[in-house]
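User: Could you walk me through reading a fold like this one, starting with the sheet and ending with the pocket?

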Amino acid sequence: GIRVIVTDQLDLVPATEAMVRAALLGRPALATALGAVVPESWPPEFMNDDALVFTLDRLTEGPAQAGWWLHFVVLRQGGDERTLIGSGGYAGPPSTDGTVEVGYAIVAEYQRKGYASEAVRSLLRHAFALPGVHRVIAETMPALTPSIGVLRRCGFQPDGDGSAPGVIRFTLSRTMYSTNAAEQQLSK
């Protein structure tokens, strides 16, 4: 199967068709499918049924799609306690020019604790581990200051207008990513 992306505190669980179907059924079904507590505040903003149906359609297109869409962001809390705190992942496999888009959302009560940055860093590591990936992009709104903060902390640079009106794009090239990683190693 497709591997879970593991960080210090989080498991980014790649959505399977079964998990997405469970999410469409509601919190209890999703909790069972994930083996995690699903808080009342689930789902985060923009994670609506349309987004889930879209993900399901992509996953049914074949094995090449697996792991390149929605991931459930699960917080490990000691013992067997696991809580679903958000979603993250990619907007599909790398494009022909080696571009991957990342996205993320954390439910309200778990925001501003560094989880989004931790999730995005793990998505970057996972994407850049593939030699064919040359850059990672992310899109957000100018008013979403916390989201912009996450991208900047992860090394992204502003890159003009996004794919829709009122959306701005941020980009992180492989070169910048490698340079940042090297600097972080030196400063430890």
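This is a predicted model: local features need pLDDT of at least 70, side-chain atom pairs count only at pLDDT 80 or more; totals for chains, interfaces and linings use all residues.

User: What is the strand order in the open sheet?

Analyst: Strands of a sheet pair through backbone hydrogen bonds, either parallel or antiparallel. In this model, eight strands form an open sheet with mixed pairing, ordered E1-E2-E3-E4-E5-E6-E8-E7. Strands are DSSP E runs of at least two residues, helices H or I runs of at least four, numbered from the N terminus; two strands pair if DSSP finds at least two bridges between them. E1 (5–6) and E7 (157–161) stand at the edges with a single partner strand each, so one side of each has no neighbour in the sheet.

User: Is Thr-83 buried or exposed?

Analyst: Thr-83 is buried, at 5% relative accessible area (buried is under 20%, exposed over 50%, partly exposed in between, with a 1.4 Å probe and protein chains only). Thr-83 lies in strand E4, residues 82–90.

User: And which residues are closest to the centre of the largest pocket?

Analyst: Rolling a probe the size of a water molecule over the atoms shows where empty space is left. Among the 41 lining residues, Glu-45, Phe-46, Gly-103, Tyr-104 and Ala-105 are the closest to the centre. A pocket here is an open set of points on a 1 Å grid over the protein atoms alone, where a 1.4 Å probe fits, with protein on both sides within 12 Å along at least five of seven lines; lining residues have an atom within 4 Å of a point.

Technical notes: Residues are numbered from 1 along each chain as its sequence is written. Side-chain values use heavy atoms; hydrogens and water are left out.
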